[in-house]
Amino acid sequence: MTTALLFPGQGSQRVGMGRDLAHDHVVAQRTYDEADAALGFAISKLCFDGPEDELQLTQHTQPAILTTSIAVYRVLEARGLRYDIAAGHSLGEWTALVATGAIALADAVRLVHQRGRFMQDAVPVGQGAMAAVMGLDLAAVRAACAQASAPNEPVEPANLNGGGQIVISGHVAAVDRAIPIAKAAGAKLAKKLAVSAPFHCSLMKPAADQLARAMTDLAIARPRVPIVANVTAEPTQDRAAIKKLLVEQVTAPVRWEESIRAIAASGVTRAYELGSGAVLKGLVKRIAATIDITTIGEPHEVAAFTS
């Protein structure tokens, strides 16, 4: 096993993503057309032209990022892309499942559009928050969260990103309490993030329940290669497990550091981050120096790719 595909999650969006790629590659434009038809509105226009405030809405951001990554993937696939394992950060796990043939693009964009809406609606605006904590290990972050939590005001580790970065998520009052506690415990940085909801924590339970109902009739095929799941940080090709894990992922922490370590341990020495931005590249470099990672999303990056 030598090559991994990695797909970014929410936060990598920007107005203009995919526009030049779709202009230069018919297969990319067709991918956006397919997503537009499935959604019943032009996600392509939001990606290419904005407006930014519309693109930043969670229910738009999620299908936009997924579609852009799949457009890049399909262009590279036509150029001979081969790989042995795949993973995605949060939303990116859905993208990985589309790329590996487990879920149809049309089904995925419709469901992540709903997923985004469910997640946004699970907690009233202003009642949830997330914060990045740098320089504390997981045990210390868990202790800070436990100290800051109160009845009906939880805060929990949400993104275990690696490189000393852990994101916490929960009720805004609990997050506000956790920040000074983390700093007192020795955190180099503890700072609120500009997010619209407290993702990957127990407050997202209503969203998980709604997603499970929405996914009742979802057809899932066996992916062509193993997918390293966020919830378990372990590879799987089991269709029933995949469906269950996609629901659990809404409330469970993203175990990204462990996922990359598992990928490295499988023998991977090369990875491609496909889509907008280079968030995962930075994380992978800090977690597994043995993996040579390349970000591919723009036409010039596609042109430089050789299978």
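Figure 1. The protein contains 14 helices and 10 strands, where helices (H or I, at least four residues) and strands (E, at least two) are DSSP runs numbered from the N terminus. The model is predicted, so local features need pLDDT of at least 70 and side-chain atom pairs count only at pLDDT 80 or more, while totals for chains, interfaces and linings use all residues. Residues are numbered from 1 along each chain as its sequence is written, and side-chain values use heavy atoms, with hydrogens and water left out. The C-alpha trace spans about 55 × 40 × 35 Å along its principal axes. For 307 residues, a compact globule would have a radius of gyration near 19 Å, and the value of 18 Å for the protein agrees with this. That radius is taken over C-alpha atoms, and the globule rule is 2.2 Å times the number of residues to the power 0.38.

Figure 2. Of the 307 residues, 55% are buried; buried means under 20% relative accessible area, exposed means over 50%, and partly exposed lies in between (1.4 Å probe, protein chains only). Among contacts with a separation of 6 or more, 74% join residues 24 or more positions apart, a contact being heavy atoms within 4.5 Å. The protein exposes about 12300 Å², of which carbon and sulfur atoms supply 52%. Accessible areas come from the Shrake-Rupley method with a 1.4 Å probe, and for residues only the protein chains shown count as cover. There are 29 positive and 29 negative side chains, and the centres of the two sets lie 3 Å apart. Lys and Arg count as positive and Asp and Glu as negative, whereas His and the chain ends are not counted. The place of a charge is taken as NZ of Lys, CZ of Arg, CG of Asp or CD of Glu.

**Figure 3. The open sheet that contains strand β9.** Six strands form an open sheet with mixed pairing, in the order β8-β7-β2-β1-β9-β10. Strands β8 (235–236) and β10 stand at the edges with a single partner strand each, so one side of each is left without a neighbour in the sheet. Two strands pair if DSSP finds at least two bridges between them. Strand β9 (residues 270–274) is mostly covered, with four of its five residues buried. Strand β1 (residues 3–7) pairs with β9 in the parallel sense over four bridges, and Thr 3 has Arg 270 in β9 as its bridge partner. Strand β10 (residues 292–296) also pairs with β9 in the parallel sense, over five bridges. Tyr 272 stands opposite Thr 294 in β10, and Leu 274 has Ile 296 as its bridge partner.

**Figure 4. Strand β3 and its two antiparallel partners.** Strand β3 (residues 128–134) is largely enclosed by the rest of the structure, because five of its seven residues are buried. It pairs with strand β5 (residues 165–171) in the antiparallel sense over seven bridges. Four bridges join β3 to strand β6 (residues 189–192), again in an antiparallel arrangement. Ala 131 stands opposite Ile 168 in β5 and opposite Lys 192 in β6.

**Figure 5. The surroundings of Tyr 73.** Tyr 73 lies in helix α5 (residues 58–78) and counts as buried at 4% relative accessibility. Leaving aside neighbours within four places in sequence, Tyr 73 is in contact with Leu 5, Leu 81, Tyr 83, Ala 99, Arg 224 and Leu 274. Pro 299 is 226 residues from Tyr 73 in sequence, yet the two are 12 Å apart in space, C-alpha to C-alpha.

Figure 6. Gly 92 belongs to helix α6 (residues 91–99) and, at 0% relative accessibility, counts as buried. Not counting residues up to four places away in sequence, Gly 92 touches Phe 7, Pro 8 and Gly 9. Ser 90 is found in the loop between β2 (85–88) and α6 and counts as buried at 10% relative accessibility.

Figure 7. Most residues other than glycine have a negative phi, and most peptide bonds are trans. Ser 90 has a positive phi of about 60 degrees although it is not a glycine. Asn 152, also not a glycine, has a positive phi of about 65 degrees. This residue lies in the loop between α8 (138–148) and β4 (155–162) and counts as exposed at 73% relative accessibility. A cis peptide bond joins Gly 50 and Pro 51, with omega about 10 degrees; Pro 51 is in the loop between α3 (43–49) and α4 (52–55).
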